[in-house]
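Keep the sequence and the model side by side as you read.

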Amino acid sequence: MLIKFQFKNYRSFRDESVLSMEAKGNAEYKGCLIPYKKKGLLPAVAVFGKNGGGKSNLIRAFWLGVQFIRNAQKTQHEKAEVPVRAFALNDYSEECPTGFEYEYIQDGVKYIYGFSATKKEIITEHLYAAPKGQKSEIFTREGQTFSFPSNGEKKKKEMIAEAVASNQLFFSIACVMNYKPCIAAMKWFREYVHFSKNYADIPRQLLEHAEDSNMLKSIVTYAKQADVGIEDMSFEIRNEEISAVKSLPDDLPEGIVMALKQFASALKDSSESAEMNLRIGEVKTSSMHNGINKNGQKELFSLELADESDGTRRLMSLAPGIEQVLNRGGVLMIDEIDRELHPGLVEFIVAKFQNPETNPGHAQIIFTTHDMELLNMEILRKDQIYFVDKNRKDGVSELFNLTELPIRTNDNIRKAYLVGKYGAIPDVDIAEVE
(Lines give C-alpha, C1' and ligand atoms only; values in the text may rest on other atoms or scores of the structure.)
Protein backbone atom coordinates (compact mmCIF):
# COMPACT_ATOMS: atom_id res chain seq x y z
CA MET A 1 0.00 0.00 0.00
CA LEU A 2 1.21 3.47 -0.85
CA ILE A 3 1.43 5.93 2.05
CA LYS A 4 3.09 8.86 0.35
CA PHE A 5 4.94 9.84 -2.82
CA GLN A 6 7.02 12.97 -3.07
CA PHE A 7 9.17 14.33 -5.86
CA LYS A 8 10.89 17.51 -7.01
CA ASN A 9 12.51 19.09 -10.05
CA TYR A 10 10.78 16.88 -12.59
CA ARG A 11 9.32 18.31 -15.81
CA SER A 12 6.85 21.07 -14.87
CA PHE A 13 7.28 20.47 -11.10
CA ARG A 14 10.22 22.57 -9.89
CA ASP A 15 9.56 22.43 -6.15
CA GLU A 16 8.90 19.50 -3.86
CA SER A 17 5.39 18.08 -4.30
CA VAL A 18 3.67 15.51 -2.10
CA LEU A 19 0.86 13.09 -2.93
CA SER A 20 -0.31 11.65 0.39
CA MET A 21 -2.64 8.68 0.71
CA GLU A 22 -3.11 9.24 4.44
CA ALA A 23 -6.65 10.23 5.41
CA LYS A 24 -6.96 13.72 6.86
CA GLY A 25 -9.71 13.10 9.39
CA ASN A 26 -12.78 13.89 7.31
CA ALA A 27 -15.96 12.50 8.78
CA GLU A 28 -17.56 11.33 5.54
CA TYR A 29 -17.20 7.83 4.09
CA LYS A 30 -14.90 6.47 6.80
CA GLY A 31 -15.93 2.95 5.83
CA CYS A 32 -13.96 3.16 2.57
CA LEU A 33 -10.62 3.75 4.30
CA ILE A 34 -7.86 1.14 4.38
CA PRO A 35 -6.87 0.38 8.01
CA TYR A 36 -3.60 2.14 8.91
CA LYS A 37 -2.78 3.78 12.25
CA LYS A 38 -5.67 5.88 13.56
CA LYS A 39 -6.97 7.61 10.44
CA GLY A 40 -6.39 5.06 7.64
CA LEU A 41 -5.24 5.23 4.03
CA LEU A 42 -7.19 6.43 1.00
CA PRO A 43 -8.20 3.75 -1.53
CA ALA A 44 -8.59 6.29 -4.33
CA VAL A 45 -7.29 9.71 -5.32
CA ALA A 46 -8.52 11.85 -8.21
CA VAL A 47 -6.27 14.55 -9.70
CA PHE A 48 -7.97 17.44 -11.50
CA GLY A 49 -6.49 20.27 -13.52
CA LYS A 50 -6.48 22.08 -16.83
CA ASN A 51 -4.82 20.80 -19.98
CA GLY A 52 -1.10 21.50 -19.82
CA GLY A 53 -1.21 22.10 -16.08
CA GLY A 54 0.94 19.11 -15.17
CA LYS A 55 -1.48 16.31 -14.19
CA SER A 56 0.17 13.79 -16.48
CA ASN A 57 3.61 14.81 -15.19
CA LEU A 58 2.58 13.64 -11.72
CA ILE A 59 1.81 10.19 -13.13
CA ARG A 60 5.00 10.29 -15.22
CA ALA A 61 7.09 11.16 -12.16
CA PHE A 62 5.71 8.22 -10.20
CA TRP A 63 6.18 5.81 -13.07
CA LEU A 64 9.64 7.00 -14.13
CA GLY A 65 10.92 6.41 -10.62
CA VAL A 66 9.35 2.94 -10.48
CA GLN A 67 10.70 1.93 -13.90
CA PHE A 68 14.21 3.11 -13.09
CA ILE A 69 14.17 1.33 -9.72
CA ARG A 70 13.05 -1.90 -11.41
CA ASN A 71 15.55 -1.75 -14.26
CA ALA A 72 18.58 0.32 -13.23
CA GLN A 73 20.84 -2.73 -13.20
CA LYS A 74 19.82 -3.56 -16.81
CA THR A 75 19.72 -0.14 -18.45
CA GLN A 76 22.65 1.69 -16.85
CA HIS A 77 25.78 0.78 -18.76
CA GLU A 78 28.91 2.82 -18.16
CA LYS A 79 27.95 5.90 -20.20
CA ALA A 80 24.15 5.72 -19.95
CA GLU A 81 22.35 8.85 -18.76
CA VAL A 82 20.06 8.62 -15.77
CA PRO A 83 16.59 9.11 -17.35
CA VAL A 84 15.53 12.13 -15.30
CA ARG A 85 14.14 15.31 -16.82
CA ALA A 86 14.59 18.44 -14.76
CA PHE A 87 12.42 21.57 -14.80
CA ALA A 88 13.40 23.47 -17.94
CA LEU A 89 11.90 26.98 -17.60
CA ASN A 90 14.84 28.59 -15.81
CA ASP A 91 18.62 28.63 -16.11
CA TYR A 92 19.54 26.67 -12.98
CA SER A 93 17.23 23.68 -12.36
CA GLU A 94 19.00 21.57 -15.00
CA GLU A 95 22.05 21.47 -12.71
CA CYS A 96 19.97 20.46 -9.67
CA PRO A 97 19.04 16.84 -8.90
CA THR A 98 15.60 15.38 -9.55
CA GLY A 99 14.30 13.55 -6.50
CA PHE A 100 11.78 10.76 -5.84
CA GLU A 101 10.70 9.18 -2.54
CA TYR A 102 8.17 6.41 -1.93
CA GLU A 103 6.72 5.54 1.47
CA TYR A 104 4.80 2.26 1.35
CA ILE A 105 3.85 -0.94 3.16
CA GLN A 106 4.81 -4.38 1.88
CA ASP A 107 4.14 -7.61 3.77
CA GLY A 108 3.31 -5.63 6.90
CA VAL A 109 6.57 -3.66 6.87
CA LYS A 110 6.73 0.08 6.24
CA TYR A 111 9.52 1.16 3.89
CA ILE A 112 10.86 4.54 2.86
CA TYR A 113 12.95 4.52 -0.30
CA GLY A 114 14.18 7.47 -2.29
CA PHE A 115 16.90 8.73 -4.58
CA SER A 116 17.96 11.94 -6.29
CA ALA A 117 19.93 12.19 -9.50
CA THR A 118 21.12 14.36 -12.32
CA LYS A 119 21.44 12.94 -15.83
CA LYS A 120 25.08 12.12 -15.04
CA GLU A 121 24.92 10.41 -11.65
CA ILE A 122 23.02 9.39 -8.54
CA ILE A 123 23.41 12.12 -5.92
CA THR A 124 21.67 10.58 -2.90
CA GLU A 125 19.87 7.32 -2.12
CA HIS A 126 18.34 5.82 1.01
CA LEU A 127 16.27 2.88 2.22
CA TYR A 128 14.69 2.60 5.66
CA ALA A 129 12.44 -0.09 7.12
CA ALA A 130 10.06 0.12 10.08
CA PRO A 131 8.85 -3.42 10.82
CA LYS A 132 7.70 -2.48 14.33
CA GLY A 133 7.10 1.21 13.87
CA GLN A 134 10.65 2.34 14.64
CA LYS A 135 12.51 3.46 11.49
CA SER A 136 15.84 1.71 10.97
CA GLU A 137 18.43 2.32 8.28
CA ILE A 138 19.19 -0.35 5.67
CA PHE A 139 21.54 1.94 3.72
CA THR A 140 22.14 5.58 2.82
CA ARG A 141 24.26 7.08 0.10
CA GLU A 142 25.90 10.41 -0.77
CA GLY A 143 27.42 10.14 -4.23
CA GLN A 144 29.69 7.10 -4.08
CA THR A 145 29.94 7.18 -0.29
CA PHE A 146 27.72 4.53 1.28
CA SER A 147 26.67 4.19 4.90
CA PHE A 148 25.38 1.05 6.60
CA PRO A 149 24.38 0.15 10.16
CA SER A 150 26.93 -1.82 12.11
CA ASN A 151 25.64 -5.38 11.93
CA GLY A 152 26.75 -8.74 10.63
CA GLU A 153 25.79 -7.86 7.05
CA LYS A 154 27.83 -4.70 6.77
CA LYS A 155 30.65 -6.43 4.86
CA LYS A 156 28.21 -7.82 2.29
CA LYS A 157 26.76 -4.37 1.69
CA GLU A 158 30.21 -2.90 1.33
CA MET A 159 30.99 -5.54 -1.29
CA ILE A 160 27.78 -4.64 -3.18
CA ALA A 161 28.67 -0.94 -2.99
CA GLU A 162 31.95 -1.61 -4.80
CA ALA A 163 29.94 -2.99 -7.75
CA VAL A 164 27.61 0.03 -7.98
CA ALA A 165 28.48 2.57 -10.67
CA SER A 166 27.79 6.28 -10.18
CA ASN A 167 24.79 6.08 -12.55
CA GLN A 168 23.27 2.97 -10.93
CA LEU A 169 21.08 2.46 -7.89
CA PHE A 170 22.45 0.50 -4.95
CA PHE A 171 18.88 -0.75 -4.38
CA SER A 172 18.71 -2.40 -7.81
CA ILE A 173 22.21 -3.86 -7.76
CA ALA A 174 21.70 -5.24 -4.24
CA CYS A 175 18.66 -7.18 -5.45
CA VAL A 176 20.68 -8.73 -8.27
CA MET A 177 23.32 -9.72 -5.75
CA ASN A 178 20.64 -11.39 -3.61
CA TYR A 179 20.68 -9.05 -0.63
CA LYS A 180 17.45 -10.07 1.11
CA PRO A 181 16.45 -6.82 2.89
CA CYS A 182 16.50 -5.03 -0.47
CA ILE A 183 14.71 -7.89 -2.24
CA ALA A 184 11.90 -7.68 0.35
CA ALA A 185 11.58 -3.92 -0.20
CA MET A 186 11.77 -4.26 -4.01
CA LYS A 187 8.77 -6.64 -4.14
CA TRP A 188 6.30 -3.74 -4.01
CA PHE A 189 7.87 -1.97 -6.99
CA ARG A 190 8.06 -5.09 -9.12
CA GLU A 191 4.72 -6.73 -8.34
CA TYR A 192 2.28 -4.20 -6.93
CA VAL A 193 2.48 -1.07 -9.07
CA HIS A 194 0.52 -0.97 -12.33
CA PHE A 195 0.18 1.91 -14.74
CA SER A 196 -1.93 2.77 -17.75
CA LYS A 197 -1.62 5.52 -20.29
CA ASN A 198 -3.77 4.08 -23.07
CA TYR A 199 -5.74 1.36 -21.24
CA ALA A 200 -4.56 -1.59 -23.37
CA ASP A 201 -1.15 -1.63 -21.69
CA ILE A 202 -2.58 -3.02 -18.43
CA PRO A 203 -3.79 -6.42 -19.68
CA ARG A 204 -0.64 -6.68 -21.79
CA GLN A 205 1.48 -6.06 -18.69
CA LEU A 206 -0.48 -8.67 -16.78
CA LEU A 207 -0.02 -11.28 -19.49
CA GLU A 208 3.67 -10.55 -19.81
CA HIS A 209 4.41 -10.60 -16.09
CA ALA A 210 1.64 -12.48 -14.34
CA GLU A 211 -0.50 -14.22 -16.99
CA ASP A 212 -3.75 -13.21 -15.32
CA SER A 213 -5.90 -16.31 -15.38
CA ASN A 214 -9.11 -14.32 -14.85
CA MET A 215 -8.58 -11.95 -17.77
CA LEU A 216 -11.51 -13.05 -19.93
CA LYS A 217 -13.83 -13.54 -16.98
CA SER A 218 -13.25 -10.00 -15.71
CA ILE A 219 -13.84 -8.54 -19.18
CA VAL A 220 -17.21 -10.25 -19.48
CA THR A 221 -18.21 -9.40 -15.89
CA TYR A 222 -17.48 -5.70 -16.30
CA ALA A 223 -19.22 -5.53 -19.66
CA LYS A 224 -22.36 -7.03 -18.10
CA GLN A 225 -22.29 -5.06 -14.86
CA ALA A 226 -21.70 -1.70 -16.53
CA ASP A 227 -24.97 -1.83 -18.48
CA VAL A 228 -23.45 -1.41 -21.94
CA GLY A 229 -25.98 -3.84 -23.42
CA ILE A 230 -23.74 -6.92 -23.41
CA GLU A 231 -25.39 -10.03 -21.97
CA ASP A 232 -22.53 -12.46 -22.60
CA MET A 233 -19.39 -12.94 -24.68
CA SER A 234 -17.73 -15.82 -26.51
CA PHE A 235 -14.04 -16.27 -27.28
CA GLU A 236 -12.38 -18.48 -29.85
CA ILE A 237 -8.62 -18.67 -30.18
CA ARG A 238 -7.10 -20.61 -33.05
CA ASN A 239 -10.46 -22.30 -33.65
CA GLU A 240 -10.58 -23.44 -30.02
CA GLU A 241 -13.43 -22.12 -27.90
CA ILE A 242 -12.20 -20.59 -24.63
CA SER A 243 -14.55 -20.34 -21.68
CA ALA A 244 -14.67 -16.96 -19.96
CA VAL A 245 -16.40 -18.50 -16.94
CA LYS A 246 -13.47 -20.72 -16.00
CA SER A 247 -10.08 -19.26 -15.16
CA LEU A 248 -7.40 -19.80 -17.74
CA PRO A 249 -4.76 -22.36 -16.69
CA ASP A 250 -1.46 -21.01 -15.42
CA ASP A 251 0.50 -22.98 -18.03
CA LEU A 252 -1.06 -21.44 -21.13
CA PRO A 253 0.55 -22.49 -24.43
CA GLU A 254 2.66 -19.73 -25.92
CA GLY A 255 0.36 -19.46 -28.94
CA ILE A 256 -2.67 -18.71 -26.79
CA VAL A 257 -0.69 -16.22 -24.71
CA MET A 258 0.30 -14.36 -27.88
CA ALA A 259 -3.29 -14.42 -29.12
CA LEU A 260 -4.54 -13.01 -25.82
CA LYS A 261 -1.95 -10.23 -26.00
CA GLN A 262 -3.24 -9.43 -29.48
CA PHE A 263 -6.78 -9.32 -28.12
CA ALA A 264 -5.72 -7.03 -25.27
CA SER A 265 -4.02 -4.71 -27.74
CA ALA A 266 -7.02 -4.68 -30.09
CA LEU A 267 -9.24 -3.34 -27.31
CA LYS A 268 -7.65 0.10 -27.74
CA ASP A 269 -7.99 0.16 -31.53
CA SER A 270 -10.58 2.09 -33.46
CA SER A 271 -13.53 0.11 -34.71
CA GLU A 272 -12.07 0.14 -38.23
CA SER A 273 -8.93 -1.74 -37.24
CA ALA A 274 -9.95 -3.73 -34.13
CA GLU A 275 -11.45 -6.71 -35.90
CA MET A 276 -8.72 -6.81 -38.53
CA ASN A 277 -6.04 -6.96 -35.84
CA LEU A 278 -7.93 -9.68 -34.01
CA ARG A 279 -8.07 -11.84 -37.11
CA ILE A 280 -4.33 -11.44 -37.57
CA GLY A 281 -3.95 -12.73 -34.01
CA GLU A 282 -6.29 -15.65 -34.74
CA VAL A 283 -8.80 -14.47 -32.15
CA LYS A 284 -12.53 -14.41 -32.72
CA THR A 285 -14.70 -12.69 -30.13
CA SER A 286 -18.41 -11.98 -30.12
CA SER A 287 -20.62 -10.09 -27.72
CA MET A 288 -24.22 -11.15 -27.22
CA HIS A 289 -26.97 -8.53 -27.13
CA ASN A 290 -30.71 -8.77 -26.62
CA GLY A 291 -32.85 -8.41 -29.71
CA ILE A 292 -36.24 -9.40 -31.08
CA ASN A 293 -36.60 -12.19 -33.65
CA LYS A 294 -39.19 -12.30 -36.45
CA ASN A 295 -41.67 -13.99 -34.12
CA GLY A 296 -41.52 -11.05 -31.76
CA GLN A 297 -39.66 -12.99 -29.12
CA LYS A 298 -36.54 -11.85 -27.26
CA GLU A 299 -33.37 -13.53 -28.50
CA LEU A 300 -29.59 -13.03 -28.15
CA PHE A 301 -27.77 -11.79 -31.24
CA SER A 302 -24.00 -11.53 -31.66
CA LEU A 303 -21.88 -8.52 -32.58
CA GLU A 304 -18.18 -8.40 -33.39
CA LEU A 305 -15.79 -6.43 -31.20
CA ALA A 306 -15.52 -3.76 -33.88
CA ASP A 307 -19.25 -3.09 -33.49
CA GLU A 308 -18.86 -2.13 -29.84
CA SER A 309 -18.29 1.48 -28.87
CA ASP A 310 -14.82 2.82 -28.08
CA GLY A 311 -15.93 3.35 -24.47
CA THR A 312 -17.06 -0.27 -24.12
CA ARG A 313 -13.71 -1.54 -25.39
CA ARG A 314 -11.86 0.83 -23.05
CA LEU A 315 -13.78 -0.57 -20.08
CA MET A 316 -13.01 -4.12 -21.21
CA SER A 317 -9.30 -3.32 -21.43
CA LEU A 318 -9.25 -1.84 -17.93
CA ALA A 319 -11.17 -4.73 -16.35
CA PRO A 320 -8.31 -7.28 -15.91
CA GLY A 321 -5.98 -4.77 -14.27
CA ILE A 322 -8.68 -3.47 -11.97
CA GLU A 323 -9.71 -6.94 -10.86
CA GLN A 324 -6.15 -8.06 -10.22
CA VAL A 325 -5.28 -5.15 -7.94
CA LEU A 326 -8.65 -5.31 -6.18
CA ASN A 327 -8.10 -8.96 -5.28
CA ARG A 328 -4.34 -9.00 -4.80
CA GLY A 329 -3.64 -5.47 -3.66
CA GLY A 330 -1.38 -2.86 -5.22
CA VAL A 331 -1.52 0.58 -6.80
CA LEU A 332 -3.18 1.22 -10.16
CA MET A 333 -2.33 4.53 -11.83
CA ILE A 334 -4.37 5.72 -14.80
CA ASP A 335 -3.80 8.88 -16.80
CA GLU A 336 -7.08 10.37 -18.07
CA ILE A 337 -9.38 7.65 -16.75
CA ASP A 338 -12.39 9.37 -18.31
CA ARG A 339 -11.07 9.24 -21.88
CA GLU A 340 -13.97 7.83 -23.94
CA LEU A 341 -15.73 6.63 -20.78
CA HIS A 342 -19.12 7.90 -19.66
CA PRO A 343 -18.98 9.59 -16.22
CA GLY A 344 -21.21 6.79 -14.92
CA LEU A 345 -18.60 4.20 -15.91
CA VAL A 346 -15.85 6.19 -14.21
CA GLU A 347 -17.93 6.23 -11.02
CA PHE A 348 -18.54 2.49 -11.49
CA ILE A 349 -14.76 1.88 -11.47
CA VAL A 350 -13.97 4.24 -8.58
CA ALA A 351 -16.79 2.81 -6.45
CA LYS A 352 -15.18 -0.64 -6.63
CA PHE A 353 -12.10 0.71 -4.85
CA GLN A 354 -14.19 2.64 -2.34
CA ASN A 355 -16.17 -0.41 -1.22
CA PRO A 356 -14.31 -2.80 1.15
CA GLU A 357 -16.43 -5.70 -0.12
CA THR A 358 -15.20 -5.27 -3.70
CA ASN A 359 -11.72 -4.24 -2.54
CA PRO A 360 -10.62 -7.06 -0.21
CA GLY A 361 -6.97 -6.64 -1.23
CA HIS A 362 -6.78 -3.01 0.01
CA ALA A 363 -5.94 -1.81 -3.50
CA GLN A 364 -5.49 1.86 -4.39
CA ILE A 365 -6.22 3.77 -7.57
CA ILE A 366 -4.67 7.12 -8.51
CA PHE A 367 -5.98 8.77 -11.65
CA THR A 368 -6.11 12.07 -13.51
CA THR A 369 -9.42 13.24 -14.85
CA HIS A 370 -11.53 16.08 -16.21
CA ASP A 371 -14.74 14.38 -15.04
CA MET A 372 -16.25 17.02 -12.76
CA GLU A 373 -19.16 14.72 -11.87
CA LEU A 374 -16.77 13.18 -9.33
CA LEU A 375 -16.76 16.51 -7.48
CA ASN A 376 -20.30 15.95 -6.27
CA MET A 377 -18.86 14.41 -3.07
CA GLU A 378 -21.19 11.42 -3.34
CA ILE A 379 -18.37 8.92 -3.92
CA LEU A 380 -15.10 10.63 -2.93
CA ARG A 381 -14.07 12.35 0.26
CA LYS A 382 -12.57 15.84 0.20
CA ASP A 383 -9.10 14.49 1.02
CA GLN A 384 -9.31 12.27 -2.07
CA ILE A 385 -9.37 15.30 -4.37
CA TYR A 386 -6.12 16.82 -5.62
CA PHE A 387 -5.59 19.68 -8.04
CA VAL A 388 -2.63 20.53 -10.25
CA ASP A 389 -2.22 24.11 -11.44
CA LYS A 390 0.53 25.84 -13.37
CA ASN A 391 1.75 29.34 -12.54
CA ARG A 392 1.58 31.55 -15.62
CA LYS A 393 4.59 33.64 -14.63
CA ASP A 394 7.20 30.93 -14.10
CA GLY A 395 5.57 27.80 -15.61
CA VAL A 396 5.79 25.88 -12.31
CA SER A 397 3.15 23.22 -11.60
CA GLU A 398 1.78 22.97 -8.06
CA LEU A 399 0.02 19.95 -6.52
CA PHE A 400 -2.44 20.63 -3.69
CA ASN A 401 -5.23 18.86 -1.83
CA LEU A 402 -8.80 20.10 -1.54
CA THR A 403 -8.52 20.04 2.27
CA GLU A 404 -5.75 22.66 2.07
CA LEU A 405 -8.28 25.21 0.80
CA PRO A 406 -10.75 27.24 2.87
CA ILE A 407 -13.90 25.17 2.34
CA ARG A 408 -17.13 25.32 4.29
CA THR A 409 -19.15 22.19 5.02
CA ASN A 410 -22.04 23.22 2.77
CA ASP A 411 -19.92 24.42 -0.18
CA ASN A 412 -20.81 23.10 -3.62
CA ILE A 413 -17.35 21.80 -4.58
CA ARG A 414 -18.17 21.21 -8.23
CA LYS A 415 -19.68 24.67 -8.73
CA ALA A 416 -16.83 26.37 -6.90
CA TYR A 417 -14.28 24.59 -9.09
CA LEU A 418 -16.13 25.49 -12.28
CA VAL A 419 -16.08 29.20 -11.43
CA GLY A 420 -12.34 29.02 -10.73
CA LYS A 421 -12.40 29.28 -6.94
CA TYR A 422 -9.71 26.62 -6.56
CA GLY A 423 -7.71 27.39 -9.69
CA ALA A 424 -6.50 24.49 -11.88
CA ILE A 425 -9.06 25.35 -14.57
CA PRO A 426 -8.58 27.05 -17.98
CA ASP A 427 -9.04 30.82 -17.99
CA VAL A 428 -10.64 31.27 -21.40
CA ASP A 429 -13.00 33.79 -22.92
CA ILE A 430 -16.08 32.08 -24.29
CA ALA A 431 -17.92 34.04 -26.95
CA GLU A 432 -21.60 34.58 -26.30
CA VAL A 433 -24.05 32.85 -28.58
CA GLU A 434 -26.76 35.22 -29.80
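**Helices that cross**

Helices α6 and α9 lie roughly perpendicular to each other, because angles of 65 to 115 degrees count as roughly perpendicular. This is a predicted model. The axes of α6 and α9 cross at roughly 115°. They come within 8 Å. The crossing of α6 past α9 is right-handed.

Which residues of α6 and α9 meet? From α6 come Met215, Ser218, Ile219, Tyr222 and Ala223. From α9 come Leu315, Met316, Ala319, Pro320, Ile322, Glu323 and Leu326. Sorted by class, this contact of α6 with α9 holds 10 nonpolar residues, one polar and one charged.

Now turn to another pair. Helix α1 covers residues 55–75, and helix α4 covers residues 180–191. Their axes come within 10 Å and cross at roughly 120°. That angle makes α1 oblique to α4. Here α1 passes α4 in a left-handed crossing. Phe62, Val66, Ile69, Arg70 and Gln73 of α1 meet Met186, Trp188, Phe189 and Arg190 of α4. This contact of α1 with α4 has six nonpolar residues, one polar and two charged.

Finally, find helix α10, residues 343–354. Its 12 residues should span 16 Å at 1.5 Å a residue, and the end C-alpha atoms are 16 Å apart, so the two values agree. Which residues of α10 are buried? They are Leu345, Val346, Phe348, Ile349, Val350, Lys352, Phe353 and Gln354. Their cover includes the helices α6 and α9. It also includes the strands β3, β14 and β15.

Notes. Residues are numbered from 1 along each chain as its sequence is written. This is a predicted model: local features need pLDDT of at least 70, side-chain atom pairs count only at pLDDT 80 or more; totals for chains, interfaces and linings use all residues. Side-chain values use heavy atoms; hydrogens and water are left out. Axes are lines fitted to C-alpha atoms, for helices over the stretch in contact, and angles run from 0 to 180 degrees between N-to-C directions. Helices (H or I, at least four residues) and strands (E, at least two) are DSSP runs, numbered from the N terminus. Angles under 35 degrees count as roughly parallel, over 145 as roughly antiparallel, 65 to 115 as roughly perpendicular and the rest as oblique. A crossing is left-handed if the near helix is turned anticlockwise from the far one by less than a right angle, and right-handed if clockwise. Contact means heavy atoms within 4.5 Å. Ala, Val, Leu, Ile, Met, Phe, Trp, Tyr, Cys and Pro count as nonpolar, Asp, Glu, Lys and Arg as charged, and the others, Gly among them, as polar. The expected span of a helix is 1.5 Å times one less than its number of residues. Buried means under 20% relative accessible area, exposed over 50%, partly exposed in between (1.4 Å probe, protein chains only).
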